Each structure stands twice: as structure tokens, then as C-alpha cells.
Amino acid sequence: MDAETSLFESSEMLATFISSTPVLQDSWRLCSLANTSASVVTDQVRGIAYVAFSGTIMPPLADPSCANLEALDRPPDGLFPPLQQRHAQHQHEDPPMLHAAILHHFLSLYTSPAFLNQILTVIEKSKAVVMTGHSMGGAVASLSALWLLSHLQSTSSSLPVLCITFGSPLLGNEALSRAILRERWAGNFCHVVSNHDFVPRLFLAPLPSLSTQQPHFVRQFWHLLMTSLQSVSETIQLFRSVLPFVQASAATTGEGRVKSPFSPFGNYLFFSEEGAVCVNDAAAAVKMLELMFTTASPGSSIEDHLKYGDYVGKASWQLLMRKSFTQGEPPESSYEAGVALAVQSCGLARQESIAGPAKDCLKMAKRVNPLPPHLNSANLAITLSKNVPYRAQIEWFKASCDKSDDQMGYYDSFKLRGASKKGAKINMNRCLLAGFWDNVIYMLESNQLPHDFNKRAKWVNASQFYKLLVEPLDIAEYYRTGKHRTQGHYLKNGREKRYEIFDRWWKGREVGDEENNKRTSYASLTQDSCFWARVEEAKDWLDQVRSESDTGRSDMLWQDIDRFESYATRLVENKEVSIDVLAKNSSFTLLMEELQDFKKKTQQFPPQFPAFWNEEMVP
């Protein structure tokens, strides 16, 4: 497919969907009711549950601490487990953080039994859920949607969730945006922003610059804003304090650039009197927030925050009407024509100083994901087939090790390999396959693959086979090079992130009845890819217990060894190990022989492998 034909594909599909159905109008209707009643409003329309949060309730900004960002791990355990787990896997990155005032306001709602009952009752018999809110209510709606997505994931529910906000301030930092992308939730959010509304731009200014005006000024201004009784002088003051930071945050280079602690996530649907355009790239969203705000005035920045009803009323015909050029002849290239129409829809085409940067911004958004997800998935499938020879050579190496006269098996043969060409070739294949699968993870986490990619049987099965085949080699290389001495054992200090991700894919798959059948022969690959890492740890425990003089420490080591024996017994008896595990000179066999000899000498415990040591289980 020509790249030009898929301009703004995913974001435009979402924008067209919500604008061509009653979802946008129903969302704004409920937001208006919530603002009027200053409460959470729920309704069910055509089988869709709507939950609207009021934008007139002011969070506790008078508390100076609420002007700060707060880590996502502060709320009670289990509130946002997927996002918290994502940070645990990327501890070198900043933690996901939220605006403290918005988080505290959400927690005050969440801890109310009436609120939870209201939410769960309305979604109980619904086929989909829409969380929505205007102004500060939009930020609370976003946080509520994140909670609901986390809750539904923990219960394996497939209930669709969509969050639509109107004039919402930014919610959290860049780490939160990355975590949402990695969780595949960015497509669940659509933030509607009018071209001059200052509220979505407010937190692009550094928090200290706003906190110096708290508690009196911002609280009073917000009250005046939402009751349409603005003070002209205060409006101008806040507008002038925010505009320079919006421009500086959007700058990509230069000394004037200011790094805002906040970052957008999800899709941004920008409305103007001329039309609308939707982008789903964070950097492009920040730039569009700046460019469209450039033509604003203090009065229009307030007016636009309160007139979303007008924009929503025009949305259907604006997005679905046949567009025509108002600025001269259309470009010959369909790509350039698409960009020009988008700039026109933003209301920026007549501003010569702004139209150029706007075009560059929209082109940048296009370059982030030059191909649509389904084409990226198809290309990955082709690359996967090209990697089959690498995998086949490793399989051949394993088969030859199983038949070798040295009877060491697959793991130990690779770990103790010399400078042979065969060993070097297998090691190179191991690295090539790791590069391929790391790229798959990168593309998935950067939103370049279909939403259900990690649930597709083809990729779940391929990643599981790769993990079972290759991770034993990674473990062998880790201990062969002595990394366990400097970094610690493999399981806690050396395991690659991709294997942890593939574990989750495999556990989340649909399990057929045939998988529960008892094995009648040994597995072709040991079903715990970390088996050899556990063997290495058990070897270390045995070495330690031989020289340990402290009784308490010795007892703890024996407990660890006992747990390993029970674990290994279960795998062997269930035939969930490959025959290389039971090879005469494998690390596992030698370890168990040493352990039984040591037990006999110390008379600590009776052997737990009587059948195994009588050679009844040796193939």
C-alpha cells in the first residue's frame, strides 16, 4: 500500500467514528448535566454506559503539595497494577506520575462506596462504557478510565472502554504516557480540544510558575471560569503567564525550550471553526496545542473553554462533509493535499507564519508511524519466516547434543563449548533471534502493531517456542561468562524483559482441553525455560551449605534445596522436561548425585528421587 493513502489512519478512524455516531453528542450532553449538578452523572443509551464527571468541582489546589506530581505507586495496591508493573519492568526510567490534586480528587471518589456502586451498576448490563468529562472533570474521567481498564484486565473482561474528554488539562508525565502506550490503551482515549481553549495548555507551564499564584488566585480564577464570571485583569494575567511556556514546551530545539513535566497521551481531536484534525503522537499534540493557541486572545481562550457544545453540534458535518480547498489550487501530491486540508481544518491556513510550522508538525506525526499497524504486522510475519533457518540450526544443534556420546545434553554442551565454528554459529543465531524479538517488543510498545497482536495465536505460539528453545542458551551464556559472580543469579539479575513479556502472553492465551492431557513421553523442550537457572541456583545453595557453620542459615539453605527438589520432581514425573535434562552428565543429573551423596553423609533427609536414581525414569 502506498504510504500516502494511509495518512492519519488510526487517529482519523477514531475521529470519524465518534463524530459520525451519537457518542460525541451523548458524551457532551452528560458532561453538561454533570457540570450543572456538580456531581457524577451516569446513564445508559443504546446499551452504552456513560459516566460523566463534573468540571465545576475544584480539586484541593489550596494544598501546596497538590501542585506537584505524585508517583502512581502511592494509591492503594491493586488500583493501577498494569501501569505499576510496567514501571517495575523499566526501573531505569522515571516512574509514572499524576497531578496530585487530580489524583486526590479521584481517590476521594473511589473510596466512596456510593461511587463504586454507581459505576458498577451502570456498566453491569452494558455492551460498552464511555467515561467523559469537561475541564477538570475530563482529567478525572481519564484517571477513572485507567482504573476501569486495569480492573477489567484483572478480571479478563473484554468490555470496550472509551474515554472522551472536553477541554481537559494534562494528567501526568511522559512516563505515564509511555506506560499507557505499552499497555495498548492509548487508542481508548480521545481528548477534544478547541483551538483557543487555554485549560489543555495550562500545565505545559512549569508547576512552580503556577504554584506561586496559589492558593488564592488559581482557585478563584477556576471558580470564575466555570461560572462565566471572569475577571478581565485575572484572565489577562493567567493568559500571559501560560502562553510563553506553551510556546517554549513545543520548541524542539534552542535555548528557549522548556521541558514540561506533563505529557499528552491518546488521541487529540482539535476543533476550529473551519473543521477538525486528529493526531495521536504526543510531540505533535504539544506542537498543535502551541500553534493553535498562538492566534488566541485572553477573551477567546476563556470563551473557547465554555463553547464545546457549539463544536460538538458541528462535528458530524465538519468531519464527514466533502472538503474543498479555500487557499488556491490543491497540491498535485495526495500526501501534500492531505496535509494542506488538515492545516485548513485547524483554522491555520490563512496565517502564513503559522501554516508552515503546522504542516511540518502534521508531517512529523505521519513520520512517527509511516505504515499502519496491520502492514507492520504483515512485514514482521515475513521477517519471522526469514528467521526460520536460524531457529532450525539451533534445533539441529539440540538434537545432535541429545545424541552425543558425551551425554551432557543441550544446555551443558553450549555452556562448555570451546572455540568451535559450530558453537560460534549457534551463538550468532541466538543473538540474531534476540534482535528480532526485541524489535517486535519495541514495535508493540510504540503502538506500531495491531491492538490484539499479543493475543494472536501465531505470535503467542512463536514467542513461546522461541523462549523454550533459546532461553536455556541465554542462561548458559550468562553462567559461562561468569556474570552471576558480578551481577547475581540469572533469575533476578539477568533475565531479559522479552521473556517476561512472553510469559504474560502465554499465560493470557485461550487454553484448549487438549493442553490439560497428561504427557505420555518427555517434552521436546523443557516447559520451564528457566529450569537451568534454577539448577544453577541449587548448585550454589549446595556449595554454600557444605561450608555454612551457622545453623539458622544452613536451615534456610536446606529449605531452598528442598523446594527445588519438589519442583524438579514434579517436572520430571509429569514429563515436562526434555531428555537432555536427564542425560548422564548433565548439570542436573550431576547435581542430584552430589546432593544425594551429601545427604547420605549428613543424614539430613531421605532421597526424593528413588525411581529416578534406580534408573526407572532414564529414557
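## Strand β2 and its neighbours

Let's start inside the sheet: β2 and β5 run parallel and are joined by 6 bridges, with Ala49 standing opposite Val129 of β5. Strands here are DSSP runs of E with at least two residues, helices are H or I runs of at least four, and both are numbered from the N terminus. Two strands pair if DSSP finds at least two bridges between them. This is a predicted model, in which local features need pLDDT of at least 70, side-chain atom pairs count only at pLDDT 80 or more, and totals for chains, interfaces and linings use all residues. Residues are numbered from 1 along each chain as its sequence is written, and side-chain values use heavy atoms, leaving out hydrogens and water.

With β1, strand β2 pairs in the antiparallel sense, over 5 bridges. Asp43 faces Tyr50 of β2, and Thr42 stands opposite Val51 of β2. The hairpin of β1 and β2 has 2 residues between the strands, and Arg46 takes a positive phi near 50 degrees there.

How many residues of β2 are buried? The count is 6 of 6, so to speak a mostly covered strand; buried means under 20% relative accessible area, exposed over 50%, and partly exposed in between (1.4 Å probe, protein chains only). In a regular strand the side chains alternate between the two faces of the sheet. In β2, Ile48, Tyr50 and Ala52 point one way, Ala49, Val51 and Phe53 point the other way, and all are buried.

## The whole sheet

Zooming out, 7 strands make up an open sheet with mixed pairing, in the order β1-β2-β5-β6-β7-β8-β9. At the edges are β1 (41-45) and β9 (275-279), each of which pairs on one side only. On average, neighbouring strands of this sheet are turned by 20 degrees against each other, direction ignored. Such angles use axes that are lines fitted to C-alpha atoms, for helices over the stretch in contact, and run from 0 to 180 degrees between N-to-C directions.

Strands β5 (residues 128-134) and β6 (residues 161-166) pair in the parallel sense over 6 bridges, and Val130 has Leu162 as its bridge partner in β6. Helix α2 (residues 23-37) packs on the sheet and touches β1, β2 (48-53), β5, β6, β7 (189-194) and β8 (267-272). The direction of α2 makes about 155 degrees with that of β1.

## The chain overall

The protein chain holds 27 helices and 9 strands. Of its 619 residues, 53% count as buried. Among contacts with a separation of 6 or more, 77% come from residues 24 or more positions apart; contact means heavy atoms within 4.5 Å.

The chain exposes about 27900 Å², and carbon and sulfur atoms supply 52% of that area. Accessible areas come from the Shrake-Rupley method with a 1.4 Å probe, and for residues only the protein chains shown count as cover.

## Two residues to look up

Is Val581 buried or exposed? Val581 counts as buried because its relative accessibility is 0%. This residue is found in the loop between α25 (551-573) and α26 (587-602). Leaving aside neighbours within four places in sequence, Val581 is in contact with Thr526, Phe531, Trp532, Ser586, Phe588 and Thr589. The C-alpha atoms of Val581 and Trp532 are 8.9 Å apart, with 49 residues separating the two along the chain.

Leu491, in helix α22 (residues 490-493), counts as partly exposed because its relative accessibility is 24%. Not counting residues up to four places away in sequence, Leu491 touches Cys530, Ala533, Arg534 and Glu537. Ala533 is 42 residues from Leu491 along the chain, and their C-alpha atoms are separated by 6.6 Å.

## Aromatic rings and charges

The whole structure has 33 aromatic pairs. Rings of Phe, Tyr and Trp (its six-membered ring) pair if their centres lie within 6.5 Å; planes under 30 degrees apart count as stacked, over 60 as edge-to-face and the rest as tilted. One aromatic cluster is formed by Phe436, Trp437, Phe453, Trp459, Tyr466, Tyr499, Phe502 and Trp505.

Lys458 lies over the face of Trp459, a member of that cluster, at 6.0 Å from the ring centre. The charged end of Arg534 sits over the ring of Tyr567, 5.4 Å from its centre. A charge sits over a ring if NZ of Lys or CZ of Arg is within 6 Å of the ring centre and within 35 degrees of the ring normal.
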